[in-house]
Amino acid sequence: MDFFNKMGDKLQNVGKEVTKKTKDLGGVVSLNSQIKDSEAGLERVYKILGEKYYKSFREEASQRFREETDEIIKIQSKLDSDKEQLRALKGLKLCSNCGAEVDGNALHCPMCGTELPVITPASEPESVQEEQSKPAFCPSCGAPLSADAKFCGKCGTKIE
């Protein structure tokens with residue numbers, strides 16, 4: 001009988017140990033989850049702060065962080081160009097007043113009522129090639145350029 005009592009005590013102690021380890025493991029998992037959530041929150045706030053700083057102090061940022069701002073301008077220009085191409089494929093255009101995507105045949109923006117320019121296809125293939133070879137956005141500051149721009153209206157960079 002003494003054997004069974006000792007065995008029962010050992011099983012009880014092992015059970016208590018397993019319960020403690022399970023609680024500890026649960027605490028570890030919980031803390032790891034909290035840490036990941038905090039890191040994700042911190043990364044989100046850093047992103048917002050960086051974006052606000054860049055937009056508010058673009059000139060200072062371009063001087064202090066030349067490489068990064070050049071990369072931002074390059075990526076933004078490519079993104080804008082890709083979006084414009086996608087809109088063209090979908091037969092859409094942007095309202096110059098409110099930025100809404102509008103059917104390419106619309107004469108007025110359905111969101112704000114602004115009169116929209118009529119888009120006519122280019123009659124000469126050369127003019128289309130010339131337009132495509134010119135950048136849609138300034139390579140220096142990222143400002144949108146008109147098709148016939150020779151200089152950026154925002155920063156004065158010569159467009160080639």
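A residue counts as partly exposed when its relative accessible area falls between the buried class, under 20%, and the exposed class, over 50%. Glu51, at 36%, is therefore partly exposed. The structure described here is a predicted model. Its protein chain contains 4 helices and 2 strands, and these follow the pattern α-α-α-β-β-α along the sequence.

**The chain as a whole**

- Of the 160 residues in the protein chain, 16% count as buried.
- The protein chain exposes about 13200 Å², and carbon and sulfur atoms supply 57% of that area.
- Among contacts between residues at least 6 apart in sequence, 15% join residues at least 24 apart.

**Salt bridges**

- Side chains of opposite charge can pair when their charged atoms come close.
- Lys47 and Glu51 meet through their side chains in a salt bridge, at 3.6 Å from N to O.
- Lys47 and Glu51 are separated by about one helical turn, because they are 4 residues apart in helix α1.
- Glu51 also meets Lys55 in a salt bridge, at 3.1 Å from N to O.
- Glu51 and Lys55 both lie in helix α1, again 4 residues apart, or about one turn of the helix.
- Lys47 counts as exposed, because its relative accessibility is 55%.
- Lys55 counts as exposed with a relative accessibility of 55%.
- In helix α3, the side chains of Asp82 and Lys78 meet in a salt bridge at 2.8 Å, N to O.
- Asp82 counts as partly exposed at 31% relative accessibility, and Lys78 counts as exposed at 52%.
- Salt bridges that share partners join Lys47, Glu51 and Lys55 into one network.

**Nonpolar cores**

- In soluble globular proteins, nonpolar side chains tend to be buried together.
- The largest nonpolar core has 7 residues in all: Cys138, Cys141, Ala143, Leu145, Ala149, Cys152 and Ile159.
- A second, separate core of 6 residues includes Ala100, Val102, Ala106 and Leu116.
- Cys138, a member of the largest core, is in contact with Ile73, Ala143, Leu145, Cys152, Cys155 and Thr157 when neighbours within four places in sequence are left aside.

**A nonpolar patch on the surface**

- Phe3, Phe4, Met7 and Leu11 form a nonpolar patch on the surface.
- Together these four residues, Phe3, Phe4, Met7 and Leu11, have about 480 Å² of accessible area.
- Met7 sits in helix α1, which covers residues 2-56.
- With a relative accessible area of 39%, Met7 is partly exposed.

**The aromatic pair**

- A pair of aromatic rings is described by the distance of the centres and the angle of the planes.
- A search of the whole structure finds 1 aromatic pair.
- The pair is made by Tyr53 and Phe57, with 5.2 Å from centre to centre and 40° between the planes, and is tilted.
- Tyr53 is partly exposed, with a relative accessible area of 25%.
- Phe57 is also partly exposed, with a relative accessible area of 41%.

- Thr69 lies in helix α3, which covers residues 66-90.
- Thr69 counts as buried because its relative accessibility is 3%, where the cut-off for buried is under 20%.
- Thr69 touches Tyr54, Ala61 and Ser62, not counting residues up to four places away in sequence.

**An exposed residue in a loop**

- Met111 lies in the loop between strand β2 (101-103) and helix α4 (125-133).
- Met111 is exposed, with a relative accessible area of 64%.
- Met111 is in contact with Cys98 and Ala100, leaving aside neighbours within four places in sequence.
- Met111 and Ala100 are 11 residues apart in sequence, and their C-alpha atoms are 7.0 Å apart in space.
- Ala100 is also one of the residues in the second core.

Methods: Residues are numbered from 1 along each chain as its sequence is written. This is a predicted model: local features need pLDDT of at least 70, side-chain atom pairs count only at pLDDT 80 or more; totals for chains, interfaces and linings use all residues. Side-chain values use heavy atoms; hydrogens and water are left out. Patches are made of residues with over 30% relative accessible area and no salt bridge: like charges are joined within 9 Å, nonpolar side chains (Val, Leu, Ile, Met, Phe, Trp, Tyr) within 5 Å. Accessible areas come from the Shrake-Rupley method with a 1.4 Å probe; for residues, only the protein chains shown count as cover. Buried means under 20% relative accessible area, exposed over 50%, partly exposed in between (1.4 Å probe, protein chains only). Rings of Phe, Tyr and Trp (its six-membered ring) pair if their centres lie within 6.5 Å; planes under 30 degrees apart count as stacked, over 60 as edge-to-face and the rest as tilted. Contact means heavy atoms within 4.5 Å. A nonpolar core is a set of buried Ala, Val, Leu, Ile, Met, Phe, Trp, Tyr and Cys residues joined through side-chain atoms within 4.5 Å.
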